Amino acid sequence: MILFKSSSLLVLLLLLTITSLANIPTTNAQCYEHNPLKISDKELVECPLVDDGDDEESLKKRQNTSSNSTQMFQIKLTCGISDRAICAKVNTAFAAAGTIISATLNLKEPVTVNATFIDFCKSMGDCGNSGFLTLGAAPARTIPMQDLDGKQRFYPQALVKQFGYTTHSSYSAYDIVAMFNSVANFWFDGDPPIRTSQSDFLFVIVHELVHGLGFTSSWDDYLNDVPEALTPDLGGTTKGSRRQYQFVEYAFDQYIVVIPQNKNLSIYTDQENVFSKGTGNKYTNIDDFAQGFVDSPQYAVAKQLFNYATTSNSLGFMPRGTKDPNDAIILETSLNPYQQGSSISHVDYSKYTNTSDFLMRYLQDRGVSLQNAVLNGGDYKGGAIGPQLKSVFETLGYATQDNPNPYRPSPPSPNSKTDDSSSSDAPKFNLIYSSLRMQSLLSIIVMFFAWYITRD
Ligand SMILES: [Zn+2]
């Protein structure tokens, strides 16, 4: 079995340069940079608002030209192996993956991917013992945006670019960073027929790129070695030198509901943040904050969420415009024990196997090419991007042919406030980065999806 999973393993060092466009810094906004090579080093970066210098008119014109393009992915591939023929196949597969996604999404701005294909064992000494890390992909940067409900959530850079604000947080050079282990038993288009031991490389990258585009929940256990309680990611506000903590969601999270009650998970986030804004407010040290939360009455909420996450058919993604929980896309909550990175951030395995929405299940069967998986699912006209997945994209804010004017959150204002602050020197809002204790917890953050081949 092939398992899509988040990872604590990792990797080498890849420097992301920060593009500065026609920069006119107006604020000290802060974003969150995900180093796919050592995810525990997730890092706070300054991402001051910049002005592209475009007026709305010329921007629209430029975007209209590009949104009809069949290839909106710009891949920079570093192929670290000597077999140039395989490097060429990797390159071709990436182009194919970009074409597949570009066919469904009307991308207005190109999505840039920094991909590396190397032997992890030789290059990084990561030779694995319980299976080996095959690949990982993450948004290079997540950026806070203001949603309609007044809350700030973290959006992947690839999506933020599509919103087309001429003034926006400065971007990282790449939208998605991805790494692949060359020793994995990949099958490429044009090879002899796929064997049962092989995995279609194209299948894997399309799946991973979808995560990188925002199919990712922040709900996870950041507090315990053995998961038992779930919270959104731990974020913080800085007021002067004083840091305060609270739980913050990703873009995807605002659409998750408990089934069948149809209760939005953001309500639980608010309940957990009763601690952050109350007793938790006094903690300036993250370890104390974490322990305080475990000891608080709100911890029961986190335990309740864990229950949902380990009970089949308990959580669903509600596409925009739907109200009936029967219309929810069922998320993966049938795994027990809970599996970090596999639970929640995928669709229900049994429900979507052999359907047109097979792609975002946490397991990929070996020996099945992407093309065959599409056929097994009923040969959907949209190919690998099934109708439900398409509605997830549309809900997040990606334009499609059928939904050319999707939802668009606002950039946080220069004096952006968290909802509990009212003073003029409002705290800056950002995600925290690791302290010693949090390092092990953050190392398994959902944003980083790795792909393991388990020994079976
Ligand atoms: Zn996955």
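Q: How many bridges join strand β18 to β19, and do these strands run parallel or antiparallel?

A: Please keep in mind that this is a predicted model. As a general idea, the strands of a sheet pair through backbone hydrogen bonds, either parallel or antiparallel. Here, β18 (residues 315-317) and β19 run antiparallel and are joined by 2 bridges. Within this pairing, Phe 317 has Ile 329 of β19 as its bridge partner.

Q: What is the order of the strands in the open sheet of 4 strands?

A: The order is β17-β16-β18-β19, and the pairing is antiparallel. At the edges stand β17 (263-264) and β19 (329-330), each of which pairs on one side only.

Q: To which strands is β8 joined by bridges?

A: Strand β8 is joined to β2 (residues 30-33) by 2 bridges, and to β9 (residues 152-156) by 5 bridges. Both pairings are antiparallel.

Q: Is strand β8 mostly covered or uncovered?

A: Strand β8 (residues 141-146) is mostly covered, with 5 of its 6 residues buried.

Q: Which residues have the most contacts inside the largest nonpolar core?

A: In soluble globular proteins, nonpolar side chains tend to be buried together. In this model the largest nonpolar core has 101 residues, and those with the most contacts inside it are Ala 97, Ile 176, Ile 205, Val 206, Leu 209 and Leu 305. Helix α5 (residues 201-212) gives the most to this core, namely 8 residues. Leaving aside residues up to four places away in sequence, Ile 205 touches Ala 93, Phe 94 and Ala 97.

Q: Which residues of helix α2 are buried, and against what do they pack?

A: An α-helix has 3.6 residues a turn, so residues three or four places apart point the same way. The buried residues of α2 are Lys 89, Val 90, Ala 93, Phe 94, Ala 97, Gly 98, Ile 100, Ile 101 and Thr 104. They pack against β5 (73-79), β6 (111-118), α5 and α11 (387-396).

Note on methods: Residues numbered from 1 in each chain as written. Predicted model: local features only at pLDDT ≥ 70, side-chain atom pairs only at ≥ 80, totals over all residues. Pairing = 2+ DSSP bridges. Core = buried A, V, L, I, M, F, W, Y, C linked by C-beta atoms within 7 Å. Buried ≥ 20, exposed ≤ 12 C-beta atoms within 10 Å, placed from the backbone. Contact = placed C-beta atoms within 7 Å.
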